[in-house]
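Q: I would like to learn how to read features in a model like this one. Please show me the structure, then take the features one by one.

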Amino acid sequence: MDDTTRRDALKLVAAVGVAAAVGAATRATADEKPKAVPSDRERVVAAGMTEAEADCWEATANAAGKFFDLPELHPSDKLEVAQAIHIIQHKLLSRPAYRKYLELSKAAAGKK
């Protein structure tokens, strides 16, 4: 006579279900293509920058990188240049929002 209890049967069924789920998840993961991480340029364009603004964004980043590769001449240089870079980035990042504001202002003026 078999000494298998209902509890043992449930454990076996649960184990088979878990194994099937793990196998399916592994197959699905193997079949999926890895999602491409958008570049910095793609992100700023998606945020509303024009291609010319994105060019300026990249040029600013390149200039900052090259500056920070130079030998340090004065301890204040790094902080001051970082602040200047952040001012340029702020100006570039605000342009899409300002364009939208002007668009909404024109639309509102036309409705009066």
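Q: Where do Tyr98 and Tyr101 lie, and how many residues apart are they?

A: Helices (H or I, at least four residues) and strands (E, at least two) are DSSP runs, numbered from the N terminus. Tyr98 and Tyr101 both sit in helix 4. They are three residues apart, about one turn of the helix. Note that this is a predicted model: local features need pLDDT of at least 70, side-chain atom pairs count only at pLDDT 80 or more, and totals for chains, interfaces and linings use all residues. Residues are numbered from 1 along each chain as its sequence is written, and side-chain values use heavy atoms, leaving out hydrogens and water.

Q: Are Tyr98 and Tyr101 buried or exposed?

A: Buried means under 20% relative accessible area, exposed over 50%, and partly exposed in between (1.4 Å probe, protein chains only). Both Tyr98 and Tyr101 are exposed.

Q: How many aromatic pairs does the structure hold?

A: Rings of Phe, Tyr and Trp (its six-membered ring) pair if their centres lie within 6.5 Å; planes under 30 degrees apart count as stacked, over 60 as edge-to-face and the rest as tilted. The structure holds two such pairs. For Phe67 and Phe68, the ring centres are 5.6 Å apart and the planes are at 80 degrees, so the pair is edge-to-face. Phe67 is partly exposed at 29% relative accessibility. Phe68 is partly exposed too, at 34%. For Tyr98 and Tyr101, the centres are 6.0 Å apart and the planes are at 20 degrees, so that pair is stacked.

Q: How many salt bridges does a search of the whole structure find?

A: Side chains of opposite charge can pair when their charged atoms come close. The cut-off: a side-chain nitrogen of Lys or Arg within 4 Å of a carboxyl oxygen of Asp or Glu. The search finds seven. One of them joins Asp55 and Arg41, at 2.8 Å from N to O. Asp55 is in helix 3 (residues 51-69) and Arg41 in helix 2 (residues 40-46), so the pair links distant parts of the chain, 14 residues apart. Asp55 is partly exposed, at 41% relative accessible area.

Q: Which parts does the salt bridge of Glu53 and Arg95 tie together?

A: The closest N and O atoms of Glu53 and Arg95 are 2.5 Å apart. Glu53 lies in helix 3 and Arg95 in helix 4 (residues 76-111), so the bridge ties together parts 42 residues apart in sequence. Glu53 is buried, at 5% relative accessibility. Arg95 is partly exposed, at 44%.

Q: Where do Glu103 and Lys100 lie?

A: Both are in helix 4, three residues apart, about one turn of the helix. Glu103 is partly exposed at 47%, and Lys100 is partly exposed at 43%. Elsewhere, salt bridges that share partners join Arg41, Glu51, Asp55 and Glu58 into one network.

Q: How many helices and strands are in the chain?

A: There are four helices and zero strands. Along the sequence the pattern reads α-α-α-α. Of the 112 residues, 10% are buried.
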